[in-house]
Amino acid sequence: SEDIVEAALLRKRAKDFKEAHRLFAQIYSERMDDPKVVQEFAQTKLALARDINPRADLVAKKPLYGEAAELLHRAIQLATDPVREAWCWFDLARTLAWLREPAAEIETAFLKALSLKPDEARFKQGYQQWQERERQGGSPSRRQ
């Protein structure tokens, strides 16, 4: 199973998200308690969703974002490394924003990421961008 995980990670790094997804799906039932595998699988689903033509019917994107949110919740529960947990919270915040979940849930996720890794500039920038979108009417970017 370690070889499949490594192959999936290599495919993800090469931006071959379809193959990475296939490999993660193949190994997930065996490694569903590994926070790294769960988080990487979630990030792969998010990448696949982002790659879908923005003009395409959102029917194809929404399930991927929903599945990624579920995986990120699981990864957060499993994480023992605060850095991994922080990134899971950040990814979850962005995913919840895309899904147009309540602002309080999104903000909680951003703040949790920031509390775990307050020096991470990408967390600060993502949170500020989301706050700005909220001030302008709450319409999250579909490009996340």
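Biologist: Why are α1 and α2 called roughly antiparallel to each other?

Modeller: In this predicted model, α1 and α2 pack at an angle of about 150 degrees, with their axes 8 Å apart. Angles over 145 degrees count as roughly antiparallel, and α1 and α2 are therefore roughly antiparallel to each other. Their crossing is left-handed.

Biologist: Which residues make the contact between α1 and α2?

Modeller: From α1 there are Glu2, Ile4, Val5, Ala7, Ala8, Leu9, Arg11 and Lys12, and from α2 come Phe17, Glu19, Ala20, Leu23, Phe24, Gln26, Ile27 and Arg31. Sorted by class, this contact has ten nonpolar, one polar and five charged residues.

Biologist: Let's go on to the next pair. What makes α2 roughly antiparallel to α3?

Modeller: The axes of α2, residues 17–31, and α3 come within 10 Å and cross at roughly 150 degrees. With the cut-off at over 145 degrees, that makes α2 roughly antiparallel to α3. The crossing in which α2 passes α3 is left-handed.

Biologist: Where do α2 and α3 meet?

Modeller: Among the α2 residues in this contact are Phe17, His21, Phe24 and Tyr28, and those of α3 include Val37, Phe41, Thr44 and Leu48. The residues of the contact divide into ten nonpolar, two polar and five charged.

Biologist: And how do you know that α3 and α4 are roughly antiparallel?

Modeller: The axes of α3 and α4, residues 61–78, come within 8 Å and cross at roughly 160 degrees. Angles over 145 degrees count as roughly antiparallel, and α3 and α4 therefore fall in that class. The crossing of α3 and α4 is left-handed. The contact includes Val38, Phe41 and Leu46 of α3, together with Leu64, Tyr65 and Leu71 of α4. By class, its residues divide into 14 nonpolar, one polar and five charged.

Biologist: Now for the open space. What lies closest to the centre of the largest pocket?

Modeller: That pocket holds about 500 Å³ of space. Of the 23 residues that line it, the closest to its centre are Lys12, Glu40, Gln43, Trp87 and Asp91. The elements that give two or more residues to the lining are α1 (2–13), α3 (35–51) and α5 (82–98).

Technical notes. Residues are numbered from 1 along each chain as its sequence is written. This is a predicted model: local features need pLDDT of at least 70, side-chain atom pairs count only at pLDDT 80 or more; totals for chains, interfaces and linings use all residues. Side-chain values use heavy atoms; hydrogens and water are left out. On a 1 Å grid over the protein atoms alone, a cavity is a set of points where a 1.4 Å probe fits but cannot get out, and a pocket is an open set with protein on both sides within 12 Å along at least five of seven lines; lining residues have an atom within 4 Å of a point. Grid points are joined across faces, edges and corners, and a volume is the space filled by probe spheres set on the points. Helices (H or I, at least four residues) and strands (E, at least two) are DSSP runs, numbered from the N terminus. Axes are lines fitted to C-alpha atoms, for helices over the stretch in contact, and angles run from 0 to 180 degrees between N-to-C directions. Angles under 35 degrees count as roughly parallel, over 145 as roughly antiparallel, 65 to 115 as roughly perpendicular and the rest as oblique. A crossing is left-handed if the near helix is turned anticlockwise from the far one by less than a right angle, and right-handed if clockwise. Contact means heavy atoms within 4.5 Å. Ala, Val, Leu, Ile, Met, Phe, Trp, Tyr, Cys and Pro count as nonpolar, Asp, Glu, Lys and Arg as charged, and the others, Gly among them, as polar.
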